[in-house]
Amino acid sequence: MKKFLLIFLIFMVSLSLVLTLLQLLGIWSIGEVVGNFVQGHPWVEPYIMSKEDKEAFQEEIAFLSGEVKRLQEEKEQLENQARSLADIISEKDRQLSRLEDLLREEQKQLIEREERIKNMARIYNQMSPEDAAAVLGGTEDDLIIELLFRWDDRFAARVLANLEQERAVRLTELLAQ
């Protein structure tokens, strides 16, 4: 058995040396033989491309590569826009929160002012119309109007009658608006 293996090994080495020598001399090429065999084989033939098919395939690859690059750039732009919009939304949320805080504060101040005016109307209502008119002489027109709306009509009419005529006329015109 050993003898047989040794003979086989010598045969294979000799054969490879002969084939290499033939290939170097350009007489015979194992690549051509295998290529010709593979090209003519029915299992391989459907997968072999012609030169035109290869060119069309390469053009398609180039086109698709360009599309991939374009889509990646578009994706980056969209991501940048999304980040920008998120920043804008965040800023608008902060502004809205500040405005809501201001609105709550304004509403609180309006309620407090309304309560103070209601108390003032009650206090003035305890006075005589003459005394109320004397105290209100230097008060702003807007405040007097608010007080007049809170008093009963009879008391309001007496206070107006006790104010200076010019001011009483002006307040009456403001009441009509």
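**Helix packing around α5**

The crossing of helices α5 and α7 is right-handed. In this predicted model, the axes of the two helices come within 10 Å and cross at roughly 65°. That angle makes α5 roughly perpendicular to α7, because angles of 65 to 115 degrees are counted in that class. On the α5 side, the contact is made by Asp141, Ile144, Ile145, Leu148 and Phe149. On the α7 side, Arg167, Arg170, Leu171, Leu174 and Leu175 take part.

The chain has 177 residues, and buried residues make up 14% of them. It contains 7 helices and 0 strands, so that, read from the N terminus on, the order of elements is α-α-α-α-α-α-α. Among contacts between residues at least 6 apart in sequence, 58% join residues at least 24 apart.

The average pLDDT of the chain is 86, and 88% of the residues score at least 70. Among the elements, helix α3, which spans residues 51–126, has the highest mean pLDDT, at 93. The lowest mean, 66, belongs to helix α2, residues 30–40.

Helix α5 covers residues 141–150, and it also meets α3. The axes of α3 and α5 come within 9 Å and cross at roughly 65°. Here too the angle falls in the 65 to 115 degree class, and therefore α3 is roughly perpendicular to α5. The crossing of α3 and α5 is right-handed. From α3, the contact draws on Arg113, Glu114, Ile117, Lys118, Met120, Ala121 and Tyr124. From α5, the partners are Leu143, Glu146, Leu147 and Arg150. The residues of the contact of α3 with α5 comprise 6 nonpolar and 5 charged, and no polar ones.

Which residues of α5 are buried? They are Asp141, Leu143, Ile144, Ile145, Leu147 and Leu148. These buried residues pack against α3, α6 (153–162) and α7 (165–176). Leu143 and Leu147 belong to the contact with α3, while Asp141, Ile144, Ile145 and Leu148 belong to the contact with α7.

Asp141 lies in helix α5 and counts as buried because its relative accessible area, 17%, is under the 20% cut-off. With neighbours within four places in sequence left aside, Asp141 is in contact with Arg167, Arg170, Leu171 and Leu174. Each of these four residues is listed on the α7 side of the contact between α5 and α7.

Thr139 sits in the loop between α4 (129–135) and α5. Why is Thr139 described as buried? Its relative accessible area is 17%, which means that Thr139 lies under the 20% cut-off. Leaving aside neighbours within four places in sequence, Thr139 is in contact with Ile144 and Arg167. Ile144 is one of the buried residues of α5, and Arg167 is also a contact of Asp141.

Conventions:
Residues numbered from 1 in each chain as written. Predicted model: local features only at pLDDT ≥ 70, side-chain atom pairs only at ≥ 80, totals over all residues. Heavy atoms only, no water. pLDDT = per-residue confidence, 0-100. Axes fitted to C-alpha atoms, helices over the stretch in contact; angles between N-to-C directions. Parallel < 35°, antiparallel > 145°, perpendicular 65-115°, else oblique. Left-handed = near helix turned anticlockwise from the far one by under 90°. Contact = heavy atoms within 4.5 Å. Nonpolar A, V, L, I, M, F, W, Y, C, P; charged D, E, K, R; others polar. Buried < 20%, exposed > 50% of the residue type's maximum accessible area, 1.4 Å probe, protein only.
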